[in-house]
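User: Hi! Could you take me through some of the labels used for this model and show how each one follows from its cut-off?
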Amino acid sequence: MAARQSAILLIGCPDAKGLVASVSGFLYEHGANILSADEHRDDASERFFMRIEWDLADFELDDAAFRSAFRNRVAERFHMDWRVEYSHKPLRVAVFVSRYLHCLADLLHRHKTGELAADIRLIVSNHEDAQRHAGFYGIPFEYIPLQPDRKAEAESRQLALLAEHGIDLVVLARYMQVLSPEFVARHAGRIINVHHSFLPAFSGAKPYHAAFERGVKLIGATAHYVTEILDDGPIIDQEVIRVSHRDQLEELIEKGRDAERMVLSRAVRWHLQHRVLLCGKKTVIFD
């Protein structure tokens with residue numbers, strides 16, 4: 001049986017009466033069978049967020065016609081920020097990694113088994129360690145070494161690769177490098193990083209060491225969108241694991257890696273399924 005094809009509409013706008021009725025009414029008018037709908041009002045900003053998905057089987061409008069009609073009849077009226085995505089058009093993904101390969105291996109396995117519906121176009125690394133993983137899963141591998149005095153040149157090559165492959169999402173799977181503001185601006189809202197700490201606690205390069213020194217009882221991991229400010233982007237998901245005084249530094253790191261795998265895979269899955277909307281420095285995650 002062929003997979004059902006659906007469209008997903010994501011909306012953020014000032015809250016107003018008639019929003020839900022206007023959107024659902026427009027879709028009904030053009031033959032949409034709505035599969036799911038969810039909405040949220042953020043009281044602090046007085047903004048309304050909505051995710052609505054419908055079956056394309058009997059829908060009367062193609063992509064261009066939908067965009068034009070929805071913009072003119074609904075979106076402009078309510079001053080919407082909006083986009084439409086399609087289930088049969090998986091996002092094109094690039095994974096950046098350094099020498100810690102546990103998150104990369106987890107993502108590749110989940111992708112291979114069909115859990116992550118994406119088109120992983122390439123793996124980029126400043127080390128050659130991940131090449132065997134790329135070869136095993138049949139994904140192109142790009143080794144781009146980073147020298148302190150030639151970082152701009154390396155980033156230029158990376159950006160060219162992303163453009164060449166039409167990348168929609170960059171996943172930093174323990175890529176232990178800071179991206180330049182120019183790089184982040186080119187892919188704003190489309191770079192997910194996993195940080196090995198329960199942010200905002202213990203940001204920076206060695207959070208497990210800092211947590212061990214403080215004798216914390218919980219360690220965690222955070223998946224977030226990347227912004228120009230290090231470890232400060234909107235948080236998508238977090239995971240915590242309980243530890244005790246018996247755990248040495250190496251055990252904290254080992255336990256933390258499990259949290260990193262889980263939190264990054266969930267964040268990537270939600271992004272691929274178009275379930276995440278930005279609300280200032282926060283995110284709205286629809287079920």
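User: Why is A65 called partly exposed?

Analyst: Happy to start there. This is a predicted model, where local features need pLDDT of at least 70, side-chain atom pairs count only at pLDDT 80 or more, and totals for chains, interfaces and linings use all residues. Residues are numbered from 1 along each chain as its sequence is written, and side-chain values use heavy atoms, with hydrogens and water left out. Now, A65 has a relative accessible area of 32%. Buried means under 20%, exposed over 50%, and partly exposed in between (1.4 Å probe, protein chains only), so A65 is partly exposed. A65 sits in helix α2; helices are DSSP runs of H or I with at least four residues, strands are runs of E with at least two, and both are numbered from the N terminus.

User: What makes F66 and F70 count as buried?

Analyst: F66 has 1% relative accessibility, so F66 counts as buried. F70 is at 0% and therefore buried too. Both lie in helix α2, four residues apart, about one turn of the helix.

User: Why is α1 called oblique to α2?

Analyst: Helix α1 (residues 19–29) and helix α2 (residues 63–75) pack at an angle of about 140°, with their axes 11 Å apart. Angles under 35 degrees count as roughly parallel, over 145 as roughly antiparallel, 65 to 115 as roughly perpendicular and the rest as oblique. That is why α1 is oblique to α2.

User: Which residues meet where α1 and α2 touch?

Analyst: With contact meaning heavy atoms within 4.5 Å, S22, V23, F26, L27 and E29 in α1 meet F66, A69, F70, R73 and V74 in α2. By class, this contact has seven nonpolar, one polar and two charged residues.

User: How do you know that F66 and F70 form a stacked pair?

Analyst: Rings of Phe, Tyr and Trp (its six-membered ring) pair if their centres lie within 6.5 Å; planes under 30 degrees apart are stacked, over 60 edge-to-face and the rest tilted. The rings of F66 and F70 are 5.4 Å apart centre to centre, with 15° between the planes, and are stacked.

User: What makes the pair of F66 and W82 edge-to-face?

Analyst: Their ring centres are 6.3 Å apart and the planes stand at 80°, giving an edge-to-face pair. This pair links distant parts of the chain, with F66 in helix α2 and W82 in strand β4 (residues 81–86), 16 residues apart.

User: Which residues form one aromatic cluster?

Analyst: The cluster consists of F26, W54, F59, F66, F70 and W82.

How values were computed: Axes fitted to C-alpha atoms, helices over the stretch in contact; angles between N-to-C directions. Nonpolar A, V, L, I, M, F, W, Y, C, P; charged D, E, K, R; others polar.
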